[in-house]
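Q: I am new to this structure and would like to go through some of its parts. Could we take them one at a time?
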Amino acid sequence: PSYTLKKMAVEDVNVTFEDQQKINKFARNTNRMTELKDEIEAKKKSLQNLEDASDDLMMCEDDDLRIPYQIGDVFISHSQEETQEMLEAAKEGLKEEIKGLESRVASIQEVLGDLKVQLYAKFGNNINLEADES
């Protein structure tokens with residue numbers, strides 16, 4: 001997304017170094033928030049995959065069946081119960097990561113909100129801080 005200072009017509013507002021710093025901070029934080037949201041989506045997909053695997057495992061009738069579980073680049077066979085426990089631990093870990101990322105997004109949104117107030121107060125309609133939907 002690009003943020004622009006519209007051409008100032010009648011009211012020529014001076015852009016100070018401090019203003020430019022705020023605009024840059026706004027842009028950096030917006031980009032970071034987009035990256036975090038993408039990361040959250042990827043982790044939610046992984047969580048859904050783990051939940052699907054867990055559901056599929058519960059439907060398995062053969063208790064003696066050894067289940068291959070990927071750790072890094074290697075598959076290790078475990079009992080159904082051990083595999084279920086590992087899936088649960090992995091799901092909990094992902095849920096915690098998602099929660100942490102979501103709280104980072106929330107704190108960035110607060111910073112962005114404060115910056116918007118300050119920048120719109122000074123520049124009014126001469127600045128556009130809304131993300132371009134392109």
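Q: To start, where is the place of Gln80?
A: This is a predicted model. In it, Gln80 is placed in helix α2.

Q: Is Gln80 buried or exposed?
A: Gln80 counts as buried, because its relative accessibility is 11% and the cut-off for buried is under 20%.

Q: And what is Gln80 in contact with, leaving aside its neighbours within four places in sequence?
A: With those neighbours set aside, the contacts of Gln80 are Leu57, Cys60, Asp62, Asp63, Leu65 and Ile67.

Q: One step back: where is the place of Ser79?
A: Ser79 lies in the loop between β3 and α2.

Q: Which residues does Ser79 touch, not counting those up to four places away in sequence?
A: Ser79 touches Leu65, Arg66 and Ile67 on that count. Ser79 and Ile67 are twelve residues apart in sequence, and their C-alpha atoms are 6.1 Å apart in space.

Q: Now His78. Where is it found, and is it buried or exposed?
A: His78 is found in strand β3. His78 is buried, as its relative accessible area is 15%.

Q: What does His78 touch, with residues up to four places away in sequence not counted?
A: His78 touches Leu65, Arg66, Ile67, Tyr69, Ile71, Thr83 and Met86.

Q: What about Ile76, where is that found?
A: Ile76 is found in strand β3, which covers residues 74-78. Ile76 has 36% relative accessibility, so it counts as partly exposed.

Q: Which residues form a nonpolar patch on the surface?
A: Ile71, Val74 and Ile76 form such a patch, and together they have about 230 Å² of accessible area.

Q: Changing topic to the largest nonpolar core: which of its residues touch the most other members?
A: That core has 22 residues, and Leu119 and Ile127 touch the most other members.

Q: Which elements give two or more residues to this core?
A: They are α1 (17-59), β2 (67-71) and α2 (80-123).

Q: Which of them gives the most?
A: Helix α2 gives the most to this core, with ten residues.

Q: Last topic: where does UniProt place a coiled-coil region?
A: The UniProt record, an unreviewed entry, places the feature "coiled-coil region" at residues 84-111.

Q: How much helix and strand is there over residues 84-111?
A: Over residues 84-111 the chain is 100% helix and 0% strand. The end C-alpha atoms of this stretch are 41 Å apart.

Methods: Residues numbered from 1 in each chain as written. Predicted model: local features only at pLDDT ≥ 70, side-chain atom pairs only at ≥ 80, totals over all residues. Heavy atoms only, no water. UniProt positions renumbered as here; feature names shortened; annotations may be inferred. Helix = DSSP H or I, 4+ residues; strand = E, 2+ residues; numbered from the N terminus. Core = buried A, V, L, I, M, F, W, Y, C linked by side-chain atoms within 4.5 Å. Buried < 20%, exposed > 50% of the residue type's maximum accessible area, 1.4 Å probe, protein only. Patch = residues over 30% accessible without salt bridge, like charges linked within 9 Å, V, L, I, M, F, W, Y side chains within 5 Å. Areas by Shrake-Rupley, 256 points an atom, 1.4 Å probe, with all protein chains shown as cover. Salt bridge = Lys/Arg side-chain N within 4 Å of Asp/Glu carboxyl O. Contact = heavy atoms within 4.5 Å.
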